[in-house]
Amino acid sequence: MSARELVLDTSNGGATTLSFTESTLTIRSGSLDTHKKRSFLFPSSSCPTASPSEIPTNNVIAATLSGSTVEVSYMTRNNKQRLHMKQVRGRVLERDTSLAKEWCKSLTQVSYKDGNPSKVLKVLINPYGGPGKARQIFAQQVEPILRAAGCTLDVTLTTRAGHAMEIVQNIDLTYDALVVVSGDGLIHEVMNGLAKHATPEKAFSIPIAPIPAGSGNGLSLNILGLHDGLDPCAAALNVLKGQPMKVDLFSFTQGNQKRVSFMSQTVGLMADVDIETEHLRWMGDLRFVLGFLRGVVTRKICKMELSMKVVEQDKSQMVDDLYARRKSAAKGVPPALPALDITPSDDKLDNETDCSGNWVKFDKPILYMFAGKGPYVSRSLMQFPVSHPDDGLIDVSIQEIVGRKFLLDAMEGAEAGRSYWFTSNRYFKVSAYRAKPLTAGGVLMVDGEAFPFEEFQIEVLHRLGTLLSPYPYYAPEFKVMDTKGTIRETI
């Protein structure tokens with residue numbers, strides 16, 4: 001599409017010229033010459049007096065005409081490179097309103113790629129999660145953006161643990177998305193509410209869009225990346241412009257209890273970090289750093305028996321697979337998936353070790369075991385840098401026993417996945433695993449929620465979940481340097 005221009009009379013003879021292409025909205029401030037005041041819609045510009053602003057069309061929220069007034073809402077970055085919404089508005093001549101209406105319609109179609117900007121959204125807000133600012137974040141930063149796009153909002157504030165699960169298990173399936181304003185704990189509730197729905201497969205097809213307002217915000221970081229993952233405005237833009245991305249979930253079984261896990265399961269030091277800093281949620285993700293330092297001092301040993309159906313344990317191969325899958329996804333080519341039996345069953349997992357390379361038993365004392373999906377578990381820790389959204393596998397990281405100095409040194413670069421390469425970090429991709437604690441008094445955390453420290457097993461629910469995402473893969477890049485210090489690019 002060739003660019004077309006709309007000139008708005010702003011005030012006192014001032015003018016704003018708006019033009020757009022498929023990729024860019026250009027805004028120029030200037031003055032109208034006497035000749036061009038006769039029409040406000042034409043293919044060539046007025047007299048610019050300032051440098052133009054160029055806005056990606058993906059950042060355009062709305063373009064509307066009310067009477068003879070045009071208003072365009074868009075997202076732009078401030079000095080701290082955080083997104084915020086701005087508007088430009090002005091009048092057109094009465095005779096140009098039909099053309100201005102068509103211009104607004106065309107810009108909306110380009111910016112939403114012919115999608116629907118006016119979504120019907122179910123919004124769940126946990127006012128007590130993390131630092132306790134979720135209600136304020138939604139009202140001041142998120143809601144204005146969604147309202148500007150013409151969205152219909154059904155908002156509920158959760159009042160107790162399990163409230164979101166109760167709401168979602170009876171949810172109307174006509175919503176375009178579920179917007180979760182909280183941390184990862186409320187998303188865990190939402191996933192398990194969908195699992196209890198009368199038609200769970202249809203319920204899981206409703207995309208989930210997180211708004212970061214908790215302590216860890218791992219899912220938001222994985223969808224939007226380290227730069228935008230903690231920005232509520234960037235998350236609101238994803239609600240409007242993100243595309244459905246299918247992701248694996250996990251079936252968590254402990255005794256007679258079955259749950260759905262979407263992010264992680266952990267025991268040992270890293271579980272202690274989570275549970276022992278619950279009272280410090282007001283600190284945000286800084287609580288995890290403080291908890292880790294405390295864990296380094298105590299350095300408790302975790303004794304457990306882990307049985308895993310291992311698919312891959314070559315770290316270099318896993319990195320190659322990551323880069324290849326991202327390139328394929330960026331080109332819209334479906335990646336090849338391993339031939340696995342990933343259907344969850346009610347049977348106990350086999351406990352025998354297969355010398356051919358399938359089942360592996362790991363029962364040495366360790367510091368912690370971390371298993372899950374998605375690179376980030378918090379801003380300060382890229383725990384699973386080679387994770388894929390839908391490869392049908394669980395990433396399992398086992399930290400063998402090391403000294404306190406090693407643990408302190410490991411904090412450097414943890415946000416970039418540096419610990420992945422440590423030889424003491426045993427890293428596996430598995431299709432299922434079972435964990436059996438060999439001592440009492442430990443902690444098991446599932447998606448940041450505490451569970452009894454008892455035997456449990458995990459299997460994959462392949463591509464059951466749906467998220468809204470600006471990319472067809474996890475946003476964070478795992479940057480690897482070669483021997484010459486050159487960073488290898490993932491795409």
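The residues lining the second largest pocket of this predicted model divide into 15 nonpolar, 11 polar and 6 charged. The pocket itself has a volume of about 690 Å³, and of its 32 lining residues the closest to its centre are N58, N238, K241, G242 and P470. Elements that give two or more residues to this lining are α6, α7, β14 and β26, and the most, 6 residues, come from α7.

Helix α7 spans residues 232-241 and includes L240. With a relative accessibility of 2%, against a cut-off of under 20% for burial, L240 counts as buried. The C-alpha atom of L240 is separated by 7.9 Å from that of A149, although the two residues are 91 apart along the chain.

K241, one of the residues closest to the centre of the second largest pocket, also takes part in a contact between a charge and a ring: its charged end sits over the ring of Y112, at 4.4 Å from the ring centre. A further arrangement of this kind involves K315, whose charged end sits over the ring of Y420 at 5.5 Å from the centre. Both are set out below.

| Charged residue | Ring | Distance to ring centre |
|---|---|---|
| K241 | Y112 | 4.4 Å |
| K315 | Y420 | 5.5 Å |

The largest cavity holds about 80 Å³ of space, and its lining consists of M191, L219, N222, V247, D248, L249, F262, M263, K373, L467 and Y474. The elements contributing two or more residues to that lining are α6 (218-228) and β14 (243-254), of which β14 provides the largest share, 3 residues. By class, the lining of the largest cavity has 8 nonpolar residues, 1 polar residue and 2 charged residues. Elements α6 and β14 are also among those that give two or more residues to the lining of the second largest pocket.

M191, one of the residues lining the largest cavity, is also listed among the buried residues of helix α4. This helix covers residues 184-195, 12 residues in total, and reaches 17 Å from its first C-alpha to its last, which is close to the 16 Å expected at 1.5 Å a residue. Because 10 of the 12 residues of α4 are buried, the helix is largely enclosed by the rest of the structure. The buried residues of α4 are D184, L186, I187, H188, E189, V190, M191, N192, G193 and L194, a list that includes the charged residues D184 and E189.

Contacts between aromatic rings form a further part of the picture, with a count of 11 aromatic pairs. One of them joins Y433 and F456 in an edge-to-face arrangement, with 5.9 Å from centre to centre and 80° between the planes. Since Y433 lies in strand β23 (residues 425-437) and F456 in strand β26 (residues 456-469), this pair ties together parts that are 23 residues apart in sequence. Y433 and F456 are both buried, and together with F252 and F451 they form one aromatic cluster. Strand β26, which holds F456, is also one of the elements that give two or more residues to the lining of the second largest pocket.

Technical notes. Residues are numbered from 1 along each chain as its sequence is written. This is a predicted model: local features need pLDDT of at least 70, side-chain atom pairs count only at pLDDT 80 or more; totals for chains, interfaces and linings use all residues. Side-chain values use heavy atoms; hydrogens and water are left out. Rings of Phe, Tyr and Trp (its six-membered ring) pair if their centres lie within 6.5 Å; planes under 30 degrees apart count as stacked, over 60 as edge-to-face and the rest as tilted. Helices (H or I, at least four residues) and strands (E, at least two) are DSSP runs, numbered from the N terminus. Buried means under 20% relative accessible area, exposed over 50%, partly exposed in between (1.4 Å probe, protein chains only). A charge sits over a ring if NZ of Lys or CZ of Arg is within 6 Å of the ring centre and within 35 degrees of the ring normal. On a 1 Å grid over the protein atoms alone, a cavity is a set of points where a 1.4 Å probe fits but cannot get out, and a pocket is an open set with protein on both sides within 12 Å along at least five of seven lines; lining residues have an atom within 4 Å of a point. Grid points are joined across faces, edges and corners, and a volume is the space filled by probe spheres set on the points. The expected span of a helix is 1.5 Å times one less than its number of residues.
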